[in-house]
Amino acid sequence: MDTVQSARSYSPRGSGSQQEGGPDGPTPPGFSWPWLVALCTLGIVICYADRSNISTAVLPMAQQFGWDKAYQGVVLSVFFGGYATTQVLGGKLADQFGGKMVLAAGVALWSVFTFATPAAAAAGTLPLLVARVMLGVGEGVAFPSIHSLISRNVPAGNRTTAVGIVTAASYAGTALAFGVSPWIISNFGWEMVFYSFAGLAVLWLPFWLPVVTLDKFRSAPSSPVASMESDTEAASSAAVAAAAEKAAAAAAAVSSSGNGNGSSSSAVASTTDSWALLKRREVWAICGAQYAQSWGMYGLLNWLPTFFSEFYKVELADLGSYTLLPYVFQGGLGAATGFLADWLLRKGWRVGTVRKALQVVGMLGPAACLCLAVSPLVGASASVASNLITLGLGFSALTLGGVSASHLDIAPRNAGLVFGAGNTAATLAGLVSVPVTGYLLQTTGSWPLVFGITAFHYVAGAVLWAAWAGDRQLPEDGAPVANATTSAAAGK
């Protein structure tokens, strides 16, 4: 079975002896993890552009088709119903068969239904809702498959950076949609928003399909947790390894008594139940934090143009100048957060300290800024409110070094599954928050109430994360990962 090596240092880049580009030894010809991460980043830009364009297009669509706020909330939120159905499934498929084709299938599916949205809207309620659900089904596999690819293809010392860059691409895609959609609508009509964004997949797929990936762990995978343990922490890893060996031996004995040909390696596989991870509080901490912060993320994503249009009376053609900057700033800081987290870990900071500090600040900051954005202190200044929301989303980008990387710490072998579980919780938040916001606006017209509820979710999520977040591989993940000191060096 896999063993835990004795070395515990987090090596700087360039000190390893492995072949360049491979996280776990020699790599096949043409493999390049930076190129893989770059293409994944572009895929997420397209993903979020395709889902975010309707947040601006819904304004002229509502005028044309006579939609009220409650119905707009349904149209915006039904996407999350489809999105939730493929989170865990996509992660599990990617963990088992590799994430490359799972992601390719998702991109193709969501692009088809992005293109079909105008025709579906004209055809009536049912076709439109089906198109929105299927858009969610396709996009649901994107992040789980990409995180599974990161856990198998990117060296341990670069994984948080990769997560930060890829996740920051979601903000870039949102910024692209918010920045370009008003101009497209003003000049070509709202239908062209969907046609043009759907065509982006045609440019991406020819580069993605030939890419070389490492679909399986070819040796014991390295994790940031294992590679950064202190000598004191090494004892606990050894204990996990010993426990796994005992379990393997016991299972082998049972297998041998039953059919006489059991092996320890098959016993390990038979006694490891990856689904048991979903019972751990460390995984629930991921789910809770994802739900809480996504209540705000998806609420802002879907209602921000409407907020500026109604609360501050900003014209449609001018919306881009108010809704674009927050996501540009968030994307830039999000990418930097990945580098910051990996740098702190290389400097000897404990994994738990880095994950908890970035996550808590990344949730309490937005809570404060959102409350200020609708307070009397701001008055009628749309620019001040935009700056506060920009600052708040900047704070939230810090979570890319927290919950967004935690599954790589606690379950490197089942990263896709655990990420899928967390993203399912995040999706449920969107499924609930978007229509609830629409209902509240329809019945009360109170944006301070909407932002106050969002702030409460941020605070509750921060408390839960600080109490339950984990920082080491869980036994349910399977055999302990190897502590390869050269893993961090493979990205030179």
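**Reading the interior**

Tutor: "Buried" means under 20% relative accessible area, "exposed" over 50%, and "partly exposed" in between, with a 1.4 Å probe and protein chains only. This is a predicted model, in which local features need pLDDT of at least 70 and side-chain atom pairs count only at pLDDT 80 or more, whereas totals for chains, interfaces and linings use all residues. Residues are numbered from 1 along each chain as its sequence is written, and side-chain values use heavy atoms, leaving out hydrogens and water.

Student: What share of the 492 residues in the chain is buried?

Tutor: Buried residues account for 60%. Phe308 is among the buried residues, at 0% relative accessibility.

Student: How is an aromatic pair read, and which kind do Phe307 and Phe308 form?

Tutor: Rings of Phe, Tyr and Trp (its six-membered ring) pair if their centres lie within 6.5 Å; planes under 30 degrees apart are stacked, over 60 edge-to-face, and the rest tilted. Phe307 and Phe308 form an edge-to-face pair, with 5.1 Å between centres and 65 degrees between planes. The whole structure holds 16 aromatic pairs. Another of these, Phe143 with Phe419, is tilted, at 5.8 Å centre to centre and 50 degrees between the planes.

Student: Which parts does the pair of Phe143 and Phe419 tie together?

Tutor: Helices are DSSP runs of H or I with at least four residues, strands are E runs of at least two, and both are numbered from the N terminus. Phe143 belongs to helix 6 (residues 142-153) and Phe419 to helix 18 (residues 415-443), so their pair links parts 276 residues apart in sequence. Both residues are buried. The chain has 19 helices and 0 strands.

Student: What is a nonpolar core, and which residues have the most contacts inside the largest one?

Tutor: A nonpolar core is a set of buried Ala, Val, Leu, Ile, Met, Phe, Trp, Tyr and Cys residues joined through side-chain atoms within 4.5 Å. The largest has 96 residues, and those with the most contacts inside it are Trp208, Phe307, Phe308, Ile389 and Phe451. Helix 1 (residues 33-65) gives the largest share, 17 residues.

Student: Where does this core lie relative to domain 1 and domain 2?

Tutor: Domain bounds come from an automatic or database domain assignment. Domain 1 (29-214) and domain 2 (276-478) both contribute residues, so the core lies between them.
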